[in-house]
Amino acid sequence: QKKFFESVVADYESIAGETADDLESRKSIACAAYRTAYMHWRLGRPEAARRQFDRAGELYKGLLEAETNSLEIRQGLARCLHYDAALHADRGEPVEADRLYRQVIALREELTLAYPDRLDLKEELSRSIQNLGIQRGQIGGYAEARDMARRAVALERELVEARPNDLFYRLALGRTSLNLANDLADLGELEEAEAIYLDSLN
């Protein structure tokens, strides 16, 4: 996959640098900027990724002025904010990461309420909540980290209930449950933590 990204990232970056007036072309440019950013991120180029995530985010914000309720645009903006937050966390900038994660969580909560049958939206919301919880735990906010983990577990359970044979969702629930157990252990809530650890072995 790395070779593929290296072979196409320049083409996407070229498209991302274009400008247009019509709505569909602007959507294509925003999408290209997001994909360019994602490829740079996967290739281990955080600064190039951050620049393109920022550009894509600004493009999506501009598109929202034309189509306020567009799922495509709102989901694209949320994805940009999520990865931008992760990059700030990696750079050791917890305040900005925290701000961005809370912003993207609010946006993704709106989307899951508007489209309750879209499992991908619940999955993305869970991921952002988990990341914010990990971020809070790393700076000593153990209680909020625990609460975030509880929310993520609840979402992951909904996904498993919707698709009980989906191995990806079941593994994700297991990982998220272990994160919750670790947070509970950090707070000295050992009985509940132990119950979750034991349940994960079944």
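For the classes used below, Ala, Val, Leu, Ile, Met, Phe, Trp, Tyr, Cys and Pro count as nonpolar, Asp, Glu, Lys and Arg as charged, and the others, Gly among them, as polar. The model is predicted, so local features need pLDDT of at least 70 and side-chain atom pairs count only at pLDDT 80 or more, while totals for chains, interfaces and linings use all residues. Residues are numbered from 1 along each chain as its sequence is written, and side-chain values use heavy atoms, with hydrogens and water left out.

The largest pocket has a volume of about 310 Å³. A pocket is an open set of points, on a 1 Å grid over the protein atoms alone, where a 1.4 Å probe fits, with protein on both sides within 12 Å along at least five of seven lines; lining residues have an atom within 4 Å of a point. Grid points are joined across faces, edges and corners, and the volume is the space filled by probe spheres set on the points. Among the 15 lining residues, Leu173, Gly174, Ser177, Asp199 and Ser200 are the closest to the centre of the largest pocket. Two or more lining residues come from each of helix H7 (142-162), helix H8 (167-186) and helix H9 (190-200); helices are DSSP runs of H or I with at least four residues, numbered from the N terminus. H8 gives the largest share, eight residues. By class, the lining of the largest pocket has eight nonpolar, four polar and three charged residues.

The second largest pocket has a volume of about 230 Å³. Of its 14 lining residues, Tyr34, Arg35, Arg79, Tyr83 and Glu124 are the closest to the centre. Helix H2 (23-42), H4 and helix H6 (119-138) each give two or more residues to this lining, and the largest share, six residues, comes from H4. The lining of the second largest pocket divides into five nonpolar, three polar and six charged residues.

H4 and H6 pack at an angle of about 20 degrees, with their axes 11 Å apart. Axes are lines fitted to C-alpha atoms, for helices over the stretch in contact, and angles run from 0 to 180 degrees between N-to-C directions. H4 is therefore roughly parallel to H6 (under 35 degrees; over 145 counts as roughly antiparallel). The contact (heavy atoms within 4.5 Å) includes Arg79 and His82 of H4 and Glu124 and Arg127 of H6.

Helix H3 (residues 46-66) and helix H4 (residues 71-90) pack at about 150 degrees, with their axes 9 Å apart, and are therefore roughly antiparallel. Residues of this contact comprise twelve nonpolar, two polar and six charged.

Definitions and conventions:
Angles under 35 degrees count as roughly parallel, over 145 as roughly antiparallel, 65 to 115 as roughly perpendicular and the rest as oblique.
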